[in-house]
Amino acid sequence: MPERRQSACDREAPAVAWCVRAPQGPAELEAYYRLRWRLLRAPWGQLPGSERDEFEELAVHRLVCDLTGRVLGVGRLHCADSEPRHGQIRYMAVDPQWRGQGLGRQLLAALEAAAVRQGLERIDLNAREEAVDFYARQGYAIVGESHILYGVIRHMRMTKALASAERVR
């Protein structure tokens, strides 16, 4: 019987059907951006490229992939310009076929862990209305209304204080 080749997911999380990690290589980074565009921009007629901004090179990117390497979810963390020790999570999305299975929760936990490693004390985000309950279940609190994207997608500002690095160890 031929030996099955292990993927990076197999080495990191052999007991599950997916893993959370940083994009590996240019092709996977492009698949990460394609999913971001397909889920967060294409439904509103936005062109490819609109899913990127000026913080991409400075940000922490995480994806959820299955054991074949197919990207199922994406998210990004960057340090907030206006507030020291604060991070912002943006561009979180999980393929609709995979929602409700814990991928988003694990993706968010990976971004929060990266924030703690960077010494950040708080994460802020702007959640689409349909995602507010998800973030609330993960410990985020609504602090007010945010913007309305493309004239139709209402967002709420949410925040979460992070455990210090000393308490995480």
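Begin by selecting H61 together with its surroundings: leaving aside neighbours within four places in sequence, H61 is in contact (heavy atoms within 4.5 Å) with R21, A22, P23, Y32, Y33, R36, E56, G75 and R76. Before going further, note that this is a predicted model, in which local features need pLDDT of at least 70 and side-chain atom pairs count only at pLDDT 80 or more, while totals for chains, interfaces and linings use all residues. Residues are numbered from 1 along each chain as its sequence is written, and side-chain values use heavy atoms, with hydrogens and water left out.

Staying with H61, colour strand β2 (residues 60-66), where this histidine is found; strands are DSSP runs of E with at least two residues, helices are runs of H or I with at least four, and both are numbered from the N terminus. H61 is buried, at a relative accessible area of 10%, where buried means under 20%, exposed over 50% and partly exposed in between (1.4 Å probe, protein chains only). Its side chain makes a polar contact of 2.7 Å with the side chain of Y32 and also reaches the backbone oxygen of E56 at 2.9 Å. A polar contact here is a pair of N or O atoms within 3.5 Å; within protein, one must be able to donate a hydrogen and the other to accept it, and residues adjacent in sequence count only if both atoms are side-chain atoms.

R36 lies over the face of Y91, at 3.8 Å from the ring centre, and the charged end of R52 sits over the ring of Y33, 3.7 Å from its centre; the criterion is NZ of Lys or CZ of Arg within 6 Å of the ring centre and within 35 degrees of the ring normal.

Now turn to the aromatic pairs, of which the count is 4, taking rings of Phe, Tyr and Trp (its six-membered ring) with centres within 6.5 Å, and calling planes under 30 degrees apart stacked, over 60 edge-to-face and the rest tilted. Select W18 and W98, an edge-to-face pair at 6.5 Å centre to centre with 75 degrees between the planes. W18 lies in strand β1 (residues 18-21) and W98 in the loop between β4 (86-94) and α3 (103-117), so the pair ties together parts that are 80 residues apart in sequence. Both W18 and W98 are buried.
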